[in-house]
Amino acid sequence: MGLVESGKLPKPLTKLLNISRKYSMWVYQWGLACCAIEMGSAFASPRYDVMRLGVIPFPASPRQADLVVISGTVTDKMAPAIRRLYEQMPDPKYVISMGSCANCGGPYWDSYSVTKGVDQIIPVDVYVPGCPPRPEALLEGIVLLQEMVANEDMAAKWKGEPLVVN
Amino acid sequence: MTAVSERQQLAYIASQAADMRVNVELETEGMTLNIGPQHPATHGTLRIIVKLDGEQVVAADPVPGYMHRGYEKLSEVRTYPQVTTLINRIDWLGSFANEVPFILAAERLMEVEAPPRAQWIRTILFELSRIANVALFLGDMAVQLGAVTPVFYAFRDREYVLNLIESATGGRFHPNFDRIGGLKDDLPKGWIAETNQVMQKVQAFCDELDALLLGNEIFNVRTRGIGVVPAEVAQSYGLSGANLRASGVDWDHRRDTPCGLVYDKLDWKVWTHPDGDSYARYWVRLQEVREAAKMVVQLCDGLPPGPIMAKVPRIIKVPAGEAWAVTENPLGEMGYYIVSKGDLVPDRVKIRSASFNNISIVPWLLRGVYVPDVISILASLYFILGDIDR
């Protein structure tokens with residue numbers, strides 16, 4: 001993949017790669033709190049079937065995932081585990097922060113044990129607001145992410161840097 | 001411990017043997033398995049450190065706290081109406097049921113009583129949240145045993161109940177509907193007829209799961225005689241809810257403790273099961289969903305007319321004093337102890353939630369079982385992390 005990393009890939013080929021990446025997102029579910037149930041509704045219920053968007057839920061390990069949905073309250077005790085999960089995922093990787101708690105602390109904005117926003121630990125691509133967001137909102141977030149992926153410059157995202165685990 | 005079974009004695013001997021390296025030739029290597037904090041089979045972020053001897057568990061240690069959000073401390077800086085917003089999120093599957101005991105305790109301090117219609121609607125929503133909560137368990141338990149289909153049924157039929165809660169309260173997940181002295185709103189038009197239809201669907205869902213799972217050979221082998229909790233052990237560990245009733249203890253706050261809900265006016269039954277194993281816990285919960293659906297139909301029939309709000313001042317200051325209120329929530333006994341000093345905010349709120357006590361039995365229960373049974377036992381105990389860590 002030296003060509004991709006160097007950024008010298010011809011444009012049509014980039015487009016093709018992006019389209020195929022967009023419609024084969026493997027999403028790792030990091031269900032933490034209330035939002036995990038709404039994420040379960042979106043992923044596992046017949047009403048909000050997420051696979052029609054080309055998103056495949058429930059890979060066995062983060063090492064197989066392209067996208068992680070952080071759904072729920074991130075506590076200070078949980079934060080190192082989330083950091084480690086993110087570092088286990090192979091590049092290119094994306095993060096959706098689902099729900100007010102993961103976005104900014106939500107109703108626990110003055111709690112002593114809650115991390116106010118998962119973006120303090122890992123970079124976030126799409127924020128889905130709500131407490132908890134409806135499953136439709138999560139689907140909207142996934143569609144937004146897919147649009148982002150479709151217009152992406154591969155060289156910028158896929159740097160091929162070595163994995164560093166603290 | 002009060003009762004030590006033969007299985008646990010054997011496990012203890014095995015652990016001793018492994019430690020002392022008595023038999024070097026036949027020695028199995030000890031291993032520490034870390035289940036969680038994030039694991040598909042833990043319903044959230046409970047971490048369990050399991051020490052194994054071969055396939056057998058010799059020690060299990062649950063590590064809670066990954067979802068500790070500090071409800072008790074946060075309640076001290078929120079006004080009473082704001083507290084219900086927070087405590088909705090303790091047991092996130094049956095949110096409305098969390099509000100009720102807090103509101104009842106606050107009403108006890110203020111010496112107001114909700115009008116009859118509000119009490120009936122409260123009971124309806126309480127039972128609807130029980131259905132929404134336990135229906136997911138009924139599907140999820142099967143997932144832990146390797147059958148994926150029932151959870152799709154569970155999510156499908158749970159949506160109908162959530163739609164009902166949403167059309168009545170405005171919140172699909174966290175209603176925040178209960179007020180001191182009554183309710184926020186009356187029921188919308190046509191809600192009763194819709195509810196009766198949905199309850200038929202819930203009954204059909206229960207029959208479907210009954211036919212799918214309870215007679216299933218694999219389900220029976222994986223759950224019968226697995227994770228047996230004798231009645232005296234269950235009581236000594238403070239289990240409550242369906243976990244206690246599955247051990248044959250006939251104890252239900254809805255029937256035994258008079259509170260501000262109208263269960264005494266209904267025709268219903270407390271189900272118990274003598275076995276105390278994973279199967280019994282599943283069976284009791286299935287019957288409870290059926291019973292809840294029956295209760296909702298009865299409540300809709302007998303809904304009295306009248307106001308839904310008692311006379312309560314606009315700015316709520318709760319007089320000084322202490323009050324304790326407890327209800328039988330979907331997961332078990334849930335209670336709030338409020339200490340008030342006459343301010344806008346509570347001075348101290350102690351929350352007694354069911355799951356914390358329910359998982360306290362895990363180290364005792366997992367000793368001596370095999371690794372695949374760990375998952376089925378944990379699933380059948382049915383805890384919710386927000387309810388454990390608060």
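Helices here are DSSP runs of H or I with at least four residues, numbered from the N terminus. With that in hand, look at B:Ile361 in this predicted model: the residue sits in the loop between helix H13 (354-358) and helix H14 (362-366) of chain B. Its relative accessibility is 0%, so B:Ile361 counts as buried.

What does B:Ile361 touch, not counting residues up to four places away in sequence? The list is B:Val229, B:Val233, B:Tyr237, B:Leu239 and B:Leu381. Take B:Leu239: along the chain it is 122 residues from B:Ile361, yet the C-alpha to C-alpha distance is 8.0 Å.

## The nonpolar cores

The largest nonpolar core has 154 residues, and A:Ile70 and B:Leu128 touch the most other members. Its top contributor is helix H5 (residues 116-144) of chain B, which puts in 16 residues.

Once neighbours within four places in sequence are set aside, B:Leu128 is in contact with B:Val161, B:Leu164, B:Ile165, B:Trp191, B:Met199 and B:Val296. Another core lies apart from this one, with 22 residues, including A:Cys35, A:Tyr48, A:Leu67 and A:Ile96.

## How H5 and H6 of chain B pack

H5(B) packs on helix H6 (residues 149-169) of chain B at an angle of about 165°, the axes being 8 Å apart. The pair is therefore roughly antiparallel, and H5(B) passes H6(B) in a left-handed crossing.

On the H5(B) side, the residues that meet H6(B) include B:Leu125, B:Leu128, B:Ala132 and B:Asp140; among those from H6(B) are B:Phe155, B:Arg158, B:Val161 and B:Ile165. Sorted by class, this contact has 16 nonpolar, three polar and two charged residues.

Terms used. Residues numbered from 1 in each chain as written. Chains lettered and ligands numbered in written order. Predicted model: local features only at pLDDT ≥ 70, side-chain atom pairs only at ≥ 80, totals over all residues. Heavy atoms only, no water. Core = buried A, V, L, I, M, F, W, Y, C linked by side-chain atoms within 4.5 Å. Buried < 20%, exposed > 50% of the residue type's maximum accessible area, 1.4 Å probe, protein only. Helix = DSSP H or I, 4+ residues; strand = E, 2+ residues; numbered from the N terminus. Contact = heavy atoms within 4.5 Å. Axes fitted to C-alpha atoms, helices over the stretch in contact; angles between N-to-C directions. Parallel < 35°, antiparallel > 145°, perpendicular 65-115°, else oblique. Left-handed = near helix turned anticlockwise from the far one by under 90°. Nonpolar A, V, L, I, M, F, W, Y, C, P; charged D, E, K, R; others polar.
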